[in-house]
Amino acid sequence: MAMDYEIVVGLEIHAELNTDTKIFCGCKNVFGAEVNSCCCPICTGMPGSLPSLNEKVVDYAIKMGHALNCTINNVCKQDRKNYFYPDLPKAYQISQFDVPLCEHGYLDIMVDDQGNTKRIGVTRIHIEEDAGKLLHDDRFNGSLCDYNRCGVPLIEIVSEPDIRSSAEAKAYLDGIKATLSYLDISDCKMQEGSIRCDVNVSVMEKGSGKFGTRVEMKNVNSFSAAVRAIDYEAQRQMDVLRKGGTVDQETRRWDDMKGVSIMMRSKEDAQDYRYFPDPDLLTIVVDEEHVKELKDSLPELPGHRMLRYMKEFGLPHFDANLLVENKEKAAFFDEAVQFGCQPKNISNWMLGDVSRILNEKNLTLADTKLTPKKLCEMIALIEKKEISNNAGKTVLEEIIFSDKTADQVVKEKGLAQISDSSFLEGIVKSVLEANPKAVADYKGGKTNVAGFLVGQCMRASKGQGNPAILKELVEKEISKL
Ligand SMILES: [Zn+2]
């Protein structure tokens with residue numbers, strides 16, 4: 001009988017912090033600047049240059065530590081992690097080894113639609129510097145180095161191996177990203193590499209509680225790629241074990257295009273990095289008062305907000321999860337519900353047509369002229385049956401990019417829904433006259449032709465007839481025939 005296995009996943013997330021300057025020098029921390037234009041002797045590791053720590057980096061990391069319920073080590077140090085790589089000019093990276101700034105935290109993730117959660121342990125959060133980037137260009141025989149990213153501040157968030165499926169991994173990654181966004185400590189632009197993750201995967205016999213050998217996959221650069229990498233790698237390991245083989249501890253590269261993981265190297269242990277305390281940097285000491293101030297400064301966090309949306313407004317988990325994904329969208333929703341429309345209607349429009357338009361044009365809400373008030377005025381017209389749902393779509397297309405209100409657009413385009421029965425009666429009568437066969441079918445018991453007749457009436461009213469009233473009138477008029 002085939003052995004049953006369970007997936008075990010741990011994640012190491014690297015997030016670039018959005019401080020104005022780099023971690024150890026005054027160089028600008030920006031993406032996309034001209035190659036090697038944001039560098040100095042410190043971030044390029046010239047002999048004799050001395051780093052000094054940017055305090056903002058410590059503040060940002062402590063905020064994340066608080067948000068993930070960590071213990072804050074207000075006295076800690078920085079260590080050199082030695083390895084050689086062309087994009088690391090010092091041949092060591094300044095990181096934190098045995099005493100990270102934050103440790104022993106957790107993030108609760110939602111595991112079903114009923115609001116049940118699972119707690120994923122956060123082992124540690126430490127601060128470190130990013131490395132440069134290699135540019136591969138066919139015009140040159142070799143690679144070029146861009147050191148602009150050297151010294152960009154990072155936090156590394158290491159989870160406990162508490163994750164048991166790719167879906168849980170996705171929920172955890174979404175939660176971390178949303179938290180970074182709410183704290184406004186990272187721009188979270190995945191496409192620019194602001195968040196990267198290393199994925200550790202192993203499988204164990206179901207119920208044994210004994211972890212298998214883990215394989216690490218480096219620099220997976222999107223959350224959907226992480227899901228694919230986990231599913232693939234777990235399956236690969238199960239296949240190996242079922243054939244009687246053993247899984248080797250190694251580092252593999254995830255090739256998302258081909259959908260396979262490829263062996264890179266056998267895994268190095270911590271001792272390979274010869275960590276030692278950086279002699280150029282002072283011990284980090286943050287006074288307790290300041291640690292508390294940072295805690296008090298936290299905004300409402302996404303996990304809490306999601307539960308609030310489910311409890312207070314009765315939104316399904318699916319909606320709540322998408323609305324809290326970024327701070328801007330959640331703030332828009334929070335303001336919109338104050339205008340008295342149904343929260344579920346607001347959610348439907350925000351996640352439906354508004355999102356569709358934004359995606360098509362690659363914009364965010366802030367790039368448009370849509371305000372919570374304008375959106376709700378439009379939704380209110382639908383709720384009061386003054387315009388149809390379809391007319392609402394037309395109205396939205398107009399108000400999202402102009403200063404016009406929903407009322408103005410409805411008047412200009414003549415979109416008001418007609419609920420006047422005496423007017424609609426005339427339409428219904430002429431439609432019934434023109435479709436004697438459908439009427440006969442209806443009378444013969446095929447009542448589903450009513451839909452067809454209502455559709456004809458809608459067309460005759462140029463889409464402005466109130467469909468509910470038309471349906472009533474169709475039934476009433478046929479019964480008179
Ligand atoms: Zn610099």
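**View 1. Helix H12 and the helices that cover its buried residues.** Helix H13 (436–443), helix H14 (449–460) and helix H15 (467–480) are among the elements that cover the buried residues of H12; helices (H or I, at least four residues) and strands (E, at least two) are DSSP runs, numbered from the N terminus. This is a predicted model, in which local features need pLDDT of at least 70 and side-chain atom pairs count only at pLDDT 80 or more, whereas totals for chains, interfaces and linings use all residues. Residues are numbered from 1 along each chain as its sequence is written. The buried residues of H12 are Leu424, Ile427, Val428, Val431 and Leu432, a residue being buried if 20 or more other C-beta atoms, placed from the backbone, lie within 10 Å of its own, exposed if 12 or fewer, and partly exposed in between. Seen down the helix axis, these buried residues fall within an arc of 130°, so they line one face of H12; the arc is that of the directions from the axis to the C-beta atoms. On the other side of H12, Ser422, Phe423, Gly426, Glu433 and Ala434 are exposed. The 14 residues of H12 (residues 421–434) should span 20 Å at 1.5 Å a residue, which agrees with the 20 Å between its end C-alpha atoms; the expected span is 1.5 Å times one less than the number of residues.

View 2. The chain is divided into domain 1 (5–294), domain 2 (300–413) and domain 3 (421–480), with bounds that come from an automatic or database domain assignment. A nonpolar core is a set of buried Ala, Val, Leu, Ile, Met, Phe, Trp, Tyr and Cys residues joined through C-beta atoms within 7 Å. Of the 100 residues in the largest such core, Ala61, Ile125, Tyr172, Val199 and Val395 touch the most other members. Helix H2 (residues 166–183) gives this core its largest share, eight residues. Domain 1 and domain 2 both give residues to this core, so it lies between them. A second, separate core of 12 residues includes Leu424, Val431, Leu473 and Val474.

**View 3. The open sheet of nine strands.** The strands follow the order E2-E6-E7-E10-E1-E11-E12-E13-E14, with mixed pairing; two strands pair if DSSP finds at least two bridges between them. Strand E2 (71–72) and strand E14 (260–266) are the edge strands, each pairing on one side only. Strand E1 (residues 5–16) pairs with E11 in the antiparallel sense over 11 bridges, and Tyr5 stands opposite Glu205 in E11. Strand E11 (residues 195–205) is joined to strand E12 (residues 215–220) by four bridges, and these two strands run antiparallel; Val201 has Val215 in E12 as its bridge partner.

**View 4. The open sheet of three strands.** Antiparallel pairing gives the order E5-E4-E15, in which strand E5 (92–95) and strand E15 (276–277) are the edge strands. Four bridges join strand E4 (residues 79–82) to E5, and the bridge partner of Asn82 in E5 is Tyr92.

**View 5. The surroundings of Thr364.** Thr364 lies in the loop between helix H8 (343–361) and helix H9 (372–383), and is exposed, with 10 other C-beta atoms within 10 Å. Not counting residues up to four places away in sequence, Thr364 touches Glu328 and Leu358; such contact requires C-beta atoms, placed from the backbone, to lie within 7 Å. Thr364 and Glu328 are 36 residues apart in sequence, and 8.7 Å apart in space, C-alpha to C-alpha.

Terms used. Two residues are in contact if their C-beta atoms, placed from the backbone, lie within 7 Å.
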